[in-house]
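Subject: The structure, and a tour of what is in it

Hi,

Here is the structure I promised to pass on to you. Please open it and keep it in view while you read.

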Amino acid sequence: MDAPVPLIVVAALAALALLARGPRARATVMLLALLLTPVLLIAHIYDSAQFRPLRDHAGLAVGAGAGGLVVVGLLAWLFVRRPPALALAAAFTIPFRIPIGTGGGTANLLVPLYVVIAAGTIAYAWPILFGPDDPPEEPRPRVLEWALGGYLLLYAIQAAYSSDFARALEQVVFFYVPFALLYVLLARLEWSRRLLAGCLGVLAGLALAFACIGFVEYGTRHLLLNPKVIASNQLESYFRVNSLFFDPNIYGRFLAIVMVFVTAAILRRRGTGEVAAGGAALAVLWAGLVLTLSQSSFVALLVGLAILGGLTWSGRWALGLSLIAIALGAGFLAVAPNAVHLDLGSSKSADTATSGRYGLITGGIDLFRAKPLAGYGSGAFPREYRRHTHASAQRATSASHTIPITVAAEQGVVGLAVYLALLAAAFWRLFDGARGIAARCAVAAAFAALVVHTFMYAAFLEDPLAWALLGVGTALARAMPRLVRHRRPPAAVPEDEPVAAPAAVRSPAQA
């Protein structure tokens, strides 16, 4: 069912959740977005084969829905009484994806995270709308919030003329709307050093567990998930692992970001035991990353570590070492291109050496040239790429290996301008004043690593990590006036003292 108007309405509600100036208005639109998004999804897939079992067994569907509401209600009660539990629950559920049939295919959805977001939204909105006290003021939206809201709304509007409206709708319903709510929730939490350490512990524990599963996959030469990767391993001389993720590159991205966090924690530690434990964890995670054979994840990790070093020590030294590494890599390619199966005079060789990215980039540029102003519409890249290049369906499904090119082809100059403005606002929010504050340095470096990864692979705002990093980074950035007034090093702040006080208890001038 092509329904651009309801899709635009739902996206507008998510944008208003980011841009509303009053807490009551924000709470209202968040609840409306939470209620209307699944309604739009059900209307979209109601006639599909995947939804038929639920239609045929209405009692079972109602029972499952009631059970889900009970779980959401219990979590909401917990989050009202223990707000830090929301952050820990989000950190624990953020990697887990479950394959769900939607429309004519299968999507790997973050169902556990959706439950946490729903419960968090209710826990946030209920006291504001139905509590006995008037809600305190909240900070006004700044450039980043306007850029995020503008991108969401523009994406929904441009879905109206897309050749693949169903894909655009799924992007909005499965990713943009719920993750916008996640951003609002995390940006308004009270972040203490103990909570930050707890989230790091959860993420590091998950990453180590995933790495161990990857070791088992490599040792047994058997993958647990993703038939496409399984088939690829049977045809190639190498073997890639993806642990419990459905994609080795997304698995590698997660490991790389956690490694940046662990490194940032080690840099602030003085105890030998803590440093040794962190070093051992990094060694295990590095071994897990190597087995993914994800080129984009390696580059993202190096960029993240370089930026972390620049923020922690000297930016000049970090830049100089990075330029030396780039020069050495370029020199290696020039002297021994055969080592990476690269013929500098052959586009086919370049496509092979970059795992097909060269062809995808050139094909995307050709699509942009054909419709430079408004593009082919949101979500249309795979279908239009296949149509114009006569590529196979399997190759077209991975046609978003370079997010800027995908945005340009789908949304034209208009969408590309909003995307670049969003990146500029995000980097300004995270990097401005971050030097000297360990948590902010870690978040900024991790977000930069994620963005670099999207330049070579898929999923930018489709990745909840991007929204989570922006939300936490926003909360930490808003705490800067208080930290400056205290004039003491971050290490001197007690673990239980808020690093980022909740937005609701500060005046707009402090935000």
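Below is what turned up, going from the whole chain down to single residues.

Before anything else, please remember that this is a predicted model. The chain has 511 residues, and 50% of them count as buried. Its secondary structure consists of 22 helices and four strands. If you take the contacts between residues at least 6 apart in sequence, 73% of them join residues at least 24 apart.

Let's go to the inside next. In soluble globular proteins, nonpolar side chains tend to be buried together. Here the largest nonpolar core has 130 residues. Which residues have the most contacts inside it? They are L148, W191, F254 and F460. Helix α8 (residues 165–187) gives this core its largest share, with 17 residues. Another core, of seven residues, lies apart from it, and L360, L367, A380 and F381 are among its members.

Leaving aside residues up to four places away in sequence, F254 touches P95, L203, L206, A207, F210, F245 and L465. F254 also belongs to an aromatic cluster, together with F92, F96, F210, F245 and Y251.

Now for the aromatic rings. The count of aromatic pairs comes to 19. One of them joins F174 and F175 edge-to-face, with 6.4 Å from centre to centre and 70° between the planes. Both F174 and F175 are buried. Y218 and F239 make an edge-to-face pair as well, at 6.2 Å centre to centre and with 70° between the planes. That pair links distant parts of the chain: Y218 belongs to helix α9 (residues 193–220), while F239 is in the loop between α10 (227–235) and α11 (248–267), 21 residues apart.

F239 has a relative accessible area of 12%, so it is buried. R221 is worth a look here too: its charged end sits over the ring of Y218, 4.2 Å from the centre. R221 also lies over the face of F239, at 5.3 Å from that ring centre.

You will find S297 in helix α13 (residues 295–312). Why does S297 count as buried? Because its relative accessibility is 0%, and the cut-off for buried is under 20%. The side chain of S297 makes a polar contact with the side chain of S294 at 2.7 Å, and it reaches the backbone oxygen of N249 at 3.4 Å. Not counting residues up to four places away in sequence, S297 touches N249, G252, R253, A256, L289 and H453.

How many disulfides does a search of the whole structure find? The answer is zero.

Enjoy exploring, and write back with any questions!

Best wishes

Key:
Residues are numbered from 1 along each chain as its sequence is written. This is a predicted model: local features need pLDDT of at least 70, side-chain atom pairs count only at pLDDT 80 or more; totals for chains, interfaces and linings use all residues. Side-chain values use heavy atoms; hydrogens and water are left out. Helices (H or I, at least four residues) and strands (E, at least two) are DSSP runs, numbered from the N terminus. Buried means under 20% relative accessible area, exposed over 50%, partly exposed in between (1.4 Å probe, protein chains only). A polar contact is a pair of N or O atoms within 3.5 Å; within protein, one must be able to donate a hydrogen and the other to accept it, and residues adjacent in sequence count only if both atoms are side-chain atoms. Contact means heavy atoms within 4.5 Å. A disulfide is a pair of cysteine sulfur atoms within 2.5 Å. Rings of Phe, Tyr and Trp (its six-membered ring) pair if their centres lie within 6.5 Å; planes under 30 degrees apart count as stacked, over 60 as edge-to-face and the rest as tilted. A charge sits over a ring if NZ of Lys or CZ of Arg is within 6 Å of the ring centre and within 35 degrees of the ring normal. A nonpolar core is a set of buried Ala, Val, Leu, Ile, Met, Phe, Trp, Tyr and Cys residues joined through side-chain atoms within 4.5 Å.
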